[in-house]
Amino acid sequence: MKHSIILILIFISCSMDAQNLPATSIISESGFIADKDTSEDMITGTVLLSNYWVLDAIVHTVDSKTYLPKAINFNVELKTFVVKVAEDSLFTLDKTKVKSIEFNSKSFEILNDKYYENVSKGKLNVYKEYFLSLIKGAIDPISKSKISEDKYVIKSKYFLNDNDALKEIRISKKNILKLIAKEKVNDVKKFMKENKLSVKEDKDLRKIMAYYNSL
């Protein structure tokens, strides 16, 4: 019974400390954007990282406050998190006040004034950046008219953070093993083989990095 009371008190305390968004202290005043329908521009796909609005994200600020947005997503085109306040409007977060965001089972941090997903922390600090690519639709060679729509495609690239200096890395088994201390390479190879892990899969890469950082 005593333990149950303590857990309830902790939950109440956390709930009181956390605030809901939007809040003027964390929402960018100039960050209002319209939630436009991209179909009007004849572009398929989406600029949002998640296919749905995330309801359980946590925003941590530089002044050690916590916010619980009711609906949030990452706009890859604008490279910022947006909070849904109505069906037809969104607000962007003020990056100067954000430390990190727990979003869709991922953790995002701000480095060099940009959001990066943290993939690994420890001996190797690996980060992932998302960017938007526009694939042009096909054009009929005779009529010169479009026969398929343009399409947004979300892509990504990885970086190694070494003393706050970001260096882009290509994710391959060979390249990852090059980054690992020589005396630990065989251990990591064995771990990957036994668990059938591939560095090409984000969830597997996280497991590999977590294992190496634990050695």
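The structure, which is a predicted model, holds one cavity of 30 Å³ or more. The mean pLDDT of the protein is 83, while residues 1-16 stay under 50.

**The cavity**

- The residues that line the largest cavity are Phe74, Lys79, Lys114, Tyr115, Glu129 and Tyr130.
- Two elements each give two or more residues to this lining, namely β11 (114-120) and β12 (126-135).
- Sorted by class, the lining of the largest cavity comprises three nonpolar and three charged residues, with no polar residues.

**Thr80**

- Thr80 belongs to strand β7, which covers residues 80-86.
- Thr80 counts as buried because its relative accessibility is 7%, and the cut-off for buried is under 20%.
- Beyond its neighbours within four places in sequence, Thr80 is in contact with Asn73, Phe74, Asn75, Thr92, Leu93, Lys95 and Tyr115.

**Confidence of the model**

- In the protein, 81% of residues reach a pLDDT of 70 or more.
- Over residues 1-16, pLDDT stays under 50, and the model has zero contacts beyond four places in sequence for this stretch.

Definitions and conventions
Residues numbered from 1 in each chain as written. Predicted model: local features only at pLDDT ≥ 70, side-chain atom pairs only at ≥ 80, totals over all residues. Heavy atoms only, no water. Helix = DSSP H or I, 4+ residues; strand = E, 2+ residues; numbered from the N terminus. Buried < 20%, exposed > 50% of the residue type's maximum accessible area, 1.4 Å probe, protein only. Contact = heavy atoms within 4.5 Å. 1 Å grid on protein atoms, 1.4 Å probe; cavity = no way out; pocket = protein on both sides within 12 Å on 5 of 7 lines; lining within 4 Å. Points joined across faces, edges and corners; volume = space filled by probe spheres on them. Nonpolar A, V, L, I, M, F, W, Y, C, P; charged D, E, K, R; others polar. pLDDT = per-residue confidence, 0-100.
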